[in-house]
Amino acid sequence: MAAVVVSLASLDGAAVQFFLENESLTLSQVYFVNNFSDIDVLKNYKSALISVDFNESSKACEIIKRISLGAKVYVVDAKAPASKAAEIASEVMLNGLILPSKVDSFDGAMVVATTPTWTVGTKDAIKLTKPQNDTSKWLLPESGENEEYIDEDELLGQAPAPAPTNPDDCEVGRAGKKACKNCTCGRAEEEAAGKPVVLTQEMLDNPQSGCGSCGLGDAFRCASCPYRGLPAFEMGKKIQLSASTLDADI
């Protein structure tokens, strides 16, 4: 016998005829298996037609495991429409068959595939050869006296100097500094006369500041600023104080 037909479901005569024509066989060259207990004979054939109901996937899996190595296998579900061929192909591939494909020339759910030529657990050593004269590697240049190095400072270029964090005046908030260049609060005159700056009623009625920091509060005022101790205020707007605060400061 040259081939085997396993029929555990209803077998369509058209499927058998298609199988015989594609494998150039006659009916007398085919061995038929109708019982699940006889599927072990599959290991003796290199060409097989298997007709199963894939709703019973467990039986289909067992049949596929019995097929001999390197065999060509036609799998058909006689009860299924042709549109189910893709599902059958996925099923048989998951169970070990190689490159299953739908048989377009058959009007039904049929796929054709092959069994692997190796058994489960087969292994072989991988031989790796070292390439000769491999120029694809990056090599560092050999150290020499004539090597030129780049000055990392030159890479920065002429970067602009950072702007000063404080204006060029009395260094707001720092004790012991001089009055602002454009001082209008009277501190410059008092320093020239060697006297401390004293807060006056006029300075309360119309507060001014050359450095622009006197009205911001003590955190921004000079150590000898006459407005130290007063709340923040707006330039040119009268500072409102209680009588007791005014008597103590003047």
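This is a predicted model: local features need pLDDT of at least 70, side-chain atom pairs count only at pLDDT 80 or more; totals for chains, interfaces and linings use all residues.

Colleague: Which residues of helix 1 are buried?

Modeller: Helix 1 covers residues 13-22. A residue counts as buried when its relative accessible area is under 20%. In helix 1 the buried residues are Ala-15, Val-16, Phe-18, Phe-19 and Leu-20.

Colleague: In what order do the elements of the protein run from the N terminus on?

Modeller: The protein has 7 helices and 6 strands. From the N terminus on, they follow the order β-α-β-β-α-β-α-β-β-α-α-α-α.

Colleague: How many residues of strand 3 are buried?

Modeller: The two directions in which side chains leave strand 3 can be taken in turn. Ser-47, Leu-49 and Ser-51 point one way, Ala-48 and Ile-50 point the other way, and all are buried. Strand 3 is thus mostly covered, and the count of buried residues is 5 of 5.

Colleague: Which strands pair with strand 3 in the parallel sense, strand 1 and strand 4 being the ones I have in mind, and how many bridges join strand 3 to strand 4?

Modeller: Strand 1 pairs with strand 3 in the parallel sense over 4 bridges, with Val-6 opposite Ile-50. Strand 4 also runs parallel to strand 3, and there Ser-51 stands opposite Val-76. The number of bridges joining strand 3 to strand 4 is 5.

Colleague: Which residues does Val-6 touch, leaving aside those up to four places away in sequence?

Modeller: Val-6 lies in strand 1. Its relative accessible area is 0%, and therefore Val-6 is buried. The C-alpha atoms of Val-6 and Phe-36, 30 residues apart along the chain, are separated by 8.7 Å. Beyond four places in sequence, Val-6 touches Val-33, Leu-42, Leu-49, Ile-50, Ser-51 and Ile-63.

Colleague: Is Ser-7 buried or exposed?

Modeller: Ser-7 is found in strand 1. Not counting residues up to four places away in sequence, Ser-7 touches Val-33, Asn-34 and Ser-51. Because its relative accessibility is 10%, Ser-7 counts as buried.

Colleague: What separates the C-alpha atoms of Cys-61 and Leu-94?

Modeller: Cys-61 lies in helix 2, residues 57-66, and at 15% relative accessibility it counts as buried. Cys-61 touches Glu-91 and Asn-95, not counting residues up to four places away in sequence. Leu-94 is 33 residues from Cys-61 along the chain, and their C-alpha atoms are separated by 9.3 Å.

Colleague: Which residues lie nearest the centre of the largest pocket?

Modeller: About 220 Å³ of space lies in this pocket. Its lining divides into 7 nonpolar, 5 polar and 1 charged residues. Of the 13 lining residues, those nearest the centre are Ile-64, Lys-65, Leu-69, Pro-116 and Val-120.

Colleague: What share of the contacts with a separation of 6 or more comes from residues 24 or more positions apart?

Modeller: The protein has 250 residues, of which 33% count as buried. Its accessible surface comes to about 16900 Å², with 52% belonging to carbon and sulfur atoms. Among contacts with a separation of 6 or more, residues 24 or more positions apart account for 61%.

Terms used
Residues are numbered from 1 along each chain as its sequence is written. Side-chain values use heavy atoms; hydrogens and water are left out. Buried means under 20% relative accessible area, exposed over 50%, partly exposed in between (1.4 Å probe, protein chains only). On a 1 Å grid over the protein atoms alone, a cavity is a set of points where a 1.4 Å probe fits but cannot get out, and a pocket is an open set with protein on both sides within 12 Å along at least five of seven lines; lining residues have an atom within 4 Å of a point. Grid points are joined across faces, edges and corners, and a volume is the space filled by probe spheres set on the points. Ala, Val, Leu, Ile, Met, Phe, Trp, Tyr, Cys and Pro count as nonpolar, Asp, Glu, Lys and Arg as charged, and the others, Gly among them, as polar. Contact means heavy atoms within 4.5 Å. Two strands pair if DSSP finds at least two bridges between them. Accessible areas come from the Shrake-Rupley method with a 1.4 Å probe; for residues, only the protein chains shown count as cover.
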